[in-house]
Amino acid sequence: MLYLVTVSTMVCIYIILASGLNIITGYAGQPNLGHAAFFGIGAYASALLTTKVGLSFWAAMPLAVVIAASVGFVLGIISLRLREDFLAITTIGVNFVVVSVFLYFDYFGRALGLGGIPRPSIFGHVLNKPEYLVLVVFLVAAVLLVCWVFSRSRLGLMVSAVREDELAAHSLGLNVTALKLAAFVFGTALAGLGGSVYAHFMTFISPYDFAFPVSITVMCMVVLGGAGTFWGPVVGAIILASAPEIMRFIQQYRMLIYGGLLAVLMIFQPAGLLGADSVFVRGGARLVARVRGRVVQSG
Amino acid sequence: MADRLFRAEGVTKRFGGLTALKDVSIEVDEGSIFAVIGPNGAGKTTLFNVVSGVYRADEGAIWLGGSTLHGLGTHRIARLGVARTFQITRLFKQLSVMDNVILGLGRGDIPMGGLIRGPRSKEAVDKALETLAAVGLEKSADTKAGTLPYGDQRRVELARAMAMKPRLLLLDEPCAGLTHHEAVNLAEVVRQVRDTGVTVVLVEHNMHVAMGLADHVAVLDHGEKIAEGTPETVQRNPLVIEAYLGRGESGESHA
Ligand SMILES: Nc1ncnc2c1ncn2[C@@H]1O[C@H](COP(=O)(O)OP(=O)(O)O)[C@@H](O)[C@H]1O
Ligand SMILES: [Mg+2]
């Protein structure tokens, strides 16, 4: 039971992370291979604000989001003018730098990490793991609502136009730099939220929780499910975040499997499971059409 | 005499050792169709790229109405009312035809509530359909733009530019790759756009298309303006005949 709660909470956290990365990479088309850095910044910010500053979870969580998004904003201003391949490398670098900072400063607990992070409490009652999961499910619902509104807004359409063709977007009067930056800030804010939720779930965090392989894992989820689709990152997070727990024996080979998966997807199914040219979507559409046809014939 | 809407004065653009535009000046009357013709590599697309802010001119000045365009970024120039199409079509291929055109509306403005509200307000849809009807594509509104045949893609790109309600519309070889029939239709659309008060500058490699449409023609060769005038006078200009025919027949007599 508790095991199921733990896995479900992790799935929720990955849905938040993958949805954020999907805004940056799926909608705006900006490769970000350092998403875990912002996950870590959110987690460390929330942990420090509660353990050292003495704030409650309810104050620390939104602040962690703002801090992660602010770092995203500054890095975005510096790096979003780069060509896409340089941006990918820069974000990898950011991931390593951030982990190093956690590792080398006493304030961040070095390799030992930070412990004693409190679970949130409501009216003096400290939430246990199942109760915390209920809270996390509500947060995921809120995140998905915001992402859904974004994906259907004029802003979301403009951001997609930037992904499709930057020069064309520019020549329609779209402020491409501002749109990329908006997507980057939005996505890193969600990573910060995921970090805060993670820190107060684990109650103990260490630098390697936010290392580069985590960025690859989240990228795998987005690409597997379908970058640039609303449900893609949700499906990808559910599949990959529950699979390694079910198949514990392959744990050591996780990165190998993810790397292989990413390569296979890029070659055979670049749009992901839910993407436009996906065999699943086309097959599903055909199935629906056939069922409809039968209903029409028999009706 | 009509007002000048657009002026380029002494525009020079170099790429390393190559001078793609050499001291080029043109003036375009409001509400007219102005054609820039010239052989391949003459600098026509470069001229558009300089005007629309993709490249910055090394020398010279560019004016739209009373304001200078020199040094402004592409999206700022677009917001002042300069729309363009590309020699090789640049659509948002994964988006629907309707969304492509809707993105042209409002010149990049995010109206109040655009953070939350969808792009398909009734007003926007009506305007987009009206623009699509003008190019004869209203039936393809829900098709993914990248899946249309090439000729239709060119028309979507024109509709997207028209949706900006531009003051100046730059068309880079609008008829390239079209069948004769498609080219004739497109020329008619361009005329209609002009009749709504939009000033059009078009680049054509094909002299006959340009001559049929334009009120005024400038001829570029090796980055220099070698002739200018009405289609009739330009057609008779020996320098123009030389630029177009001299090569290939009498070899590199020019060089
Ligand atoms: N970005 C660039 N870098 C270097 N050279 C360029 C660039 N763009 C155009 N040129 C050169 O400038 C000249 C004019 O090109 P272009 O304006 O495309 O000609 P046109 O459109 O008249 O066929 C050509 O010699 C071309 O190779
Ligand atoms: Mg050209």
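Leaving aside neighbours within four places in sequence, which residues is A:Ala60 in contact with? Keep that in mind while you open the structure, which is a predicted model.

**Stop 1: chain A as a whole**

Select chain A. Its secondary structure comes to 12 helices and two strands. Follow the sequence and the pattern reads α-α-α-α-β-β-α-α-α-α-α-α-α-α. Of the 299 residues in chain A, 53% are buried. Switch to a surface view: the accessible surface of chain A comes to about 13,300 Å². Carbon and sulfur atoms account for 73% of that area.

**Stop 2: A:Ala60**

Select helix H3 of chain A, where A:Ala60 has its place. A:Ala60 has a relative accessible area of 0%, so this residue counts as buried. Show its surroundings. Beyond the neighbours within four places in sequence, A:Ala60 is in contact with A:Ser46, A:Leu49 and A:Thr50. That settles the opening question.

**Stop 3**

Is A:Phe73 buried or partly exposed? Its relative accessibility is 40%, and therefore A:Phe73 counts as partly exposed. With A:Phe73 they form a nonpolar patch on the surface. Together the four residues have about 380 Å² of accessible area.

**Stop 4: the largest nonpolar core**

Show both chains, A and B. In soluble globular proteins, nonpolar side chains tend to be buried together. Here the largest nonpolar core has 145 residues. A:Tyr14, A:Ile205 and B:Leu103 have the most contacts inside this core. Helix H1 of chain A, residues 2-27, gives the largest share, 15 residues. Two domains of chain B each supply at least three residues to this core: domain 1 (1-81 + 167-255) and domain 2 (90-165).

**Stop 5: a separate core**

Next, select B:Leu5, B:Val28, B:Phe34 and B:Ala42. They are among the 27 residues of another core, which lies apart from the largest one.

**Stop 6: A:Tyr14**

Finish on A:Tyr14. What does A:Tyr14 touch, not counting residues up to four places away in sequence? Select A:Val214, A:Thr217, A:Val218 and A:Met221, then A:Ala237 and A:Ala241: A:Tyr14 touches each of these.

Conventions:
Residues are numbered from 1 along each chain as its sequence is written. Chains are lettered from A and ligands numbered from 1 in the order in which they are written. This is a predicted model: local features need pLDDT of at least 70, side-chain atom pairs count only at pLDDT 80 or more; totals for chains, interfaces and linings use all residues. Side-chain values use heavy atoms; hydrogens and water are left out. A nonpolar core is a set of buried Ala, Val, Leu, Ile, Met, Phe, Trp, Tyr and Cys residues joined through side-chain atoms within 4.5 Å. Buried means under 20% relative accessible area, exposed over 50%, partly exposed in between (1.4 Å probe, protein chains only). Helices (H or I, at least four residues) and strands (E, at least two) are DSSP runs, numbered from the N terminus. Domain bounds come from an automatic or database domain assignment. Contact means heavy atoms within 4.5 Å. Patches are made of residues with over 30% relative accessible area and no salt bridge: like charges are joined within 9 Å, nonpolar side chains (Val, Leu, Ile, Met, Phe, Trp, Tyr) within 5 Å. Accessible areas come from the Shrake-Rupley method with a 1.4 Å probe; for residues, only the protein chains shown count as cover. A salt bridge is a side-chain nitrogen of Lys or Arg within 4 Å of a carboxyl oxygen of Asp or Glu.
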